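Please read the points below beside the sequence and the model. They are grouped by element.

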Amino acid sequence: MAKHLILCDCLGSQKVDAKGIAAATGLQCSRVHSGLCTTDLKSAAAAIEAGDALIACAQEAPRFAELAQELGAEAPEFIDIRDRAGWSDDPITMPKMAALIAESQIAAPSYKSVDVTSEGICLVIGRADIAVPAAEKLAETLAVTVLITDDGDLPVTRQVEVVRGRLKRATGTLGNFSLNLDALQMLEPGGRGGFGLGAPRDNATTTCDVILDLSGGTSLFPAPHKRDGYLRVDPGDPLAIAAAVHEASQMVGTFEKPLHLVLEQHLCAHSRAGQIGCTRCLDVCPTSAIMPAGDHVEIDPMVCAGCGACSALCPSGAIRYDAPPVDHVLRRVRVLAETYLAAGGHAPRLLVHDDHGTEMIALAARFGRGLPADVIPLAVEALAGFGHAEMLASLASGFQAVDIIAAPRTERDPINAEIALAAAMGGVDRLRLIDLADPDALVDLLYAARPAPHKAAPVLAMGSRRQIARLAAKALLPDATAPMPLPAGAPYGAVLVNTDACTLCMSCSSLCPNGALIDNPDTPQLRFQEDACLQCGICETICPENAITLEPRFNPSDAALGLTVLNEEEPFPCIECGALFGVKSTIEKISAKLAGKHSMFMETGAGRLIQMCDNCRIQAQYHSQNNPFASAERPRVRTTDDYLTKRKDH
């Protein structure tokens with residue numbers, strides 16, 4: 001049964017076109033209420049009891065959920081069309097409302113998770129006068145140990161355990177921290193007067209579930225705000241300490257940890273035969289959750305914070321974001337664009353944001369001008385995971401521009417790099433990262449900057465990131481045929497071969513992780529498929545002649561999908577059987593250098609071996625005078641007569 005959309009204009013503060021929304025979304029719409037959460041609450045109750053209700057109000061969702069519980073009915077769904085659309089200086093908002101409503105009906109995929117258990121074992125680090133009082137407050141709910149980092153007075157209470165030492169190393173995450181300490185001194189609680197400390201010991205190890213770091217020193221982990229169970233606070237801020245103590249007290253029990261990423265190791269282009277290639281994910285990971293593991297990388301799901309940067313940068317698709325997957329995000333983008341345009345909207349712009357952006361949009365709507373009617377917000381879990389493929393797909397779906405609102409702790413470098421890459425592939429002057437903290441400044445920028453409309457043939461974004469990016473770029477650049485330069489480090493490009501230096505040893509093709517470089521089994525020939533090249537650099541590193549260089553570029557023509565010959569030479573005919581093998585120039589060069597000059601090739605017969613195929617070379621060696629495969633002469637077979645002649649009775 002189709003959902004019943006319950007509409008409200010919030011005391012007349014927004015204009016809601018019920019007929020237009022119903023026609024654009026296909027949903028059955030109620031009349032437009034004015035005070036659904038107050039004077040029209042009976043209408044809301046009736047809709048909730050009827051079931052399958054979608055209430056167009058997110059602000060009062062807790063109130064309506066409580067009402068559903070009182071009625072013994074299933075809780076309704078909610079959609080915000082007020083802060084994100086209705087409260088705007090632009091008068092016509094119906095197409096945007098319809099787009100947001102249609103997008104909300106896309107079923108969210110389930111995600112994988114793992115349970116993390118914390119038993120409440122907490123380590124507080126800091127000076128005695130700061131760490132001990134905080135630890136005593138935590139002792140009511142957690143098992144606390146204080147690591148004192150100075151020579152301050154020891155407490156005379158045994159409410160918490162106290163040690164002194166120097167923390168050398170820390171690893172792990174919530175529920176599974178491991179620590180290594182030097183100069184560790186344990187408390188000696190016996191005797192009269194103040195407590196004393198034992199002799200210092202090095203290389204002590206311990207574990208805990210939660211760490212409250214009040215030391216004020218260098219963080220124990222990279223990107224400390226992304227490490228679950230690690231709370232790092234300025235020791236000079238009492239309010240921050242109180243908040244951290246409260247937060248730490250809640251970190252006991254079993255928690256659900258989403259598994260953000262999927263890793264397909266066979267696609268990884270990190271290394272081959274000990275030669276390092278792609279390191280994009282290793283370089284960008286803020287939490288160091290990704291580590292080398294031979295020819296591929298490994299991801300620690302407990303440390304991964306789900307920023308998504310690695311999946312956006314991975315050239316081969318070995319790392320995929322899975323909470324939610326890319327195809328779900330692209331489907332949301334497509335539905336937003338299609339519904340908005342079908343409802344009569346023109347030249348939409350996409351505004352990508354996270355929870356911080358949601359708050360900015362709500363403040364701008366309540367106290368300012370609100371978003372322009374052509375700016376459609378898209379909430380995502382990870383801003384850095386919205387990479388160049390998603391940006392290009394958004395433009396190719398009908399959006400005129402894509403803006404991303406940066407949060408205070410957003411990793412800006414990977415997003416800027418992806419914007420530069422997408423701009424070079426057809427999104428120039430239509431992509432930007434908005435780094436503003438003032439909601440009014442945000443909306444003023446959006447009202448002022450409206451790019452000129454562009455027309456691109458809509459594409460159905462399907463397949464891997466590389467396929468999506470290529471399809472979208474070709475739609476945005478319909479007349480482009482020549483290769484276009486890309487920024488350094490781009491995952492698309494060509495391999496250039498110095499044919500004068502290349503000996504066609506095929507080291508590059510044997511190690512190419514994605515099959516972009518291919519040999520020809522019938523003739524000495526190095527072939528290349530540009531669309532498959534990841535620009536990982538393994539071929540450039542492994543080439544013994546330094547004959548290979550990489551050129552970051554995007555080739556929009558279909559030639560990138562076919563094979564081109566980078567280097568080829570005439571094969572050498574075997575001097576015995578005439579079979580073609582090897583490279584003629586290489587064999588002639590080796591023969592000229594070794595024959596008659598090297599001690600092993602002083603004889604003419606030995607020098608001829610270089611010019612023979614594998615089969616003929618073995619035959620020649622076997623029948624030669626100095627056959628390396630020859631053994632001693634076989635002994636004569638002994639017979640009965642041989643034994644009888646040695647007997648004395650014969």
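At what angle do helix α2 and helix α3 pack, and how far apart are their axes?

1. Helix α2 (residues 41-50) packs on helix α3 (residues 61-71) at an angle of about 60°, and the axes lie 10 Å apart. α2 is therefore oblique to α3. Angles under 35 degrees count as roughly parallel, over 145 as roughly antiparallel, 65 to 115 as roughly perpendicular and the rest as oblique. Axes here are lines fitted to C-alpha atoms, for helices over the stretch in contact, with angles from 0 to 180 degrees between N-to-C directions. On the α2 side the contact (heavy atoms within 4.5 Å) involves L41, A44, A45, I48 and E49. R63, F64, L67, A68 and L71 supply the α3 side.

2. On the basis of the note: this is a predicted model, in which local features need pLDDT of at least 70 and side-chain atom pairs count only at pLDDT 80 or more, while totals for chains, interfaces and linings use all residues. Residues are numbered from 1 along each chain as its sequence is written, and side-chain values use heavy atoms, with hydrogens and water left out. Helices (H or I, at least four residues) and strands (E, at least two) are DSSP runs, numbered from the N terminus.

3. α12 passes α15 in a left-handed crossing. From α12, the residues H388, A389, E390, L392, A393, L395 and A396 take part. They meet R465, I468, A469, A472, A473, A475 and L476 of α15.

4. Helix α5 (residues 94-104) is mostly covered, with 10 of its 11 residues buried. Buried means under 20% relative accessible area, exposed over 50%, and partly exposed in between (1.4 Å probe, protein chains only). The buried residues of α5 include K96 and E103, as well as M94, P95 and M97. An α-helix has 3.6 residues a turn, so residues three or four places apart point the same way. The elements against which the buried residues of α5 pack are β1 (4-8), α1 (18-25), β3 (53-55), α4 (82-86), α10 (326-342) and β22 (375-379).

5. Is D322 buried or exposed? D322 counts as buried because its relative accessibility is 13%. D322 sits in the loop between β20 (319-321) and α10. The side chains of D322 and K112 are joined by a polar contact of 3.4 Å. A polar contact is a pair of N or O atoms within 3.5 Å; within protein, one must be able to donate a hydrogen and the other to accept it, and residues adjacent in sequence count only if both atoms are side-chain atoms. Neighbours within four places in sequence aside, D322 touches Y111, K112, H260, L261 and V262.

6. S249 belongs to helix α7 (residues 238-249). S249 counts as buried because its relative accessibility is 15%. With neighbours within four places in sequence left out, S249 is in contact with L138, T141 and L142. A polar contact of 3.1 Å links the side chains of S249 and Q250. V210 is 39 residues from S249 along the chain, and their C-alpha atoms are separated by 9.4 Å.

7. Strand β8 (residues 161-171) pairs with strand β9 (residues 177-188) in the antiparallel sense over 7 bridges. Two strands pair if DSSP finds at least two bridges between them. L167 is opposite L181 in β9. β8 and β9 form a hairpin with 5 residues between them, and G172 in the turn has a positive phi of about 100°. β9 is also joined to strand β11 (residues 204-208), antiparallel, by 5 bridges, with F177 opposite C208. Strand β10 (residues 196-197) pairs with β9 in the antiparallel sense over 2 bridges, and E188 stands opposite G196.

8. Another sheet is open and has 3 strands in the order β27-β28-β30, with antiparallel pairing. Its edge strands, β27 (517-519) and β30 (563-568), each pair on one side only. Neighbouring strands of this sheet are turned by 30° against each other on average, direction ignored. β27 is joined to β28 (residues 525-529) by 3 bridges, and D519 stands opposite L526 in β28.

Technical notes:
Left-handed = near helix turned anticlockwise from the far one by under 90°.
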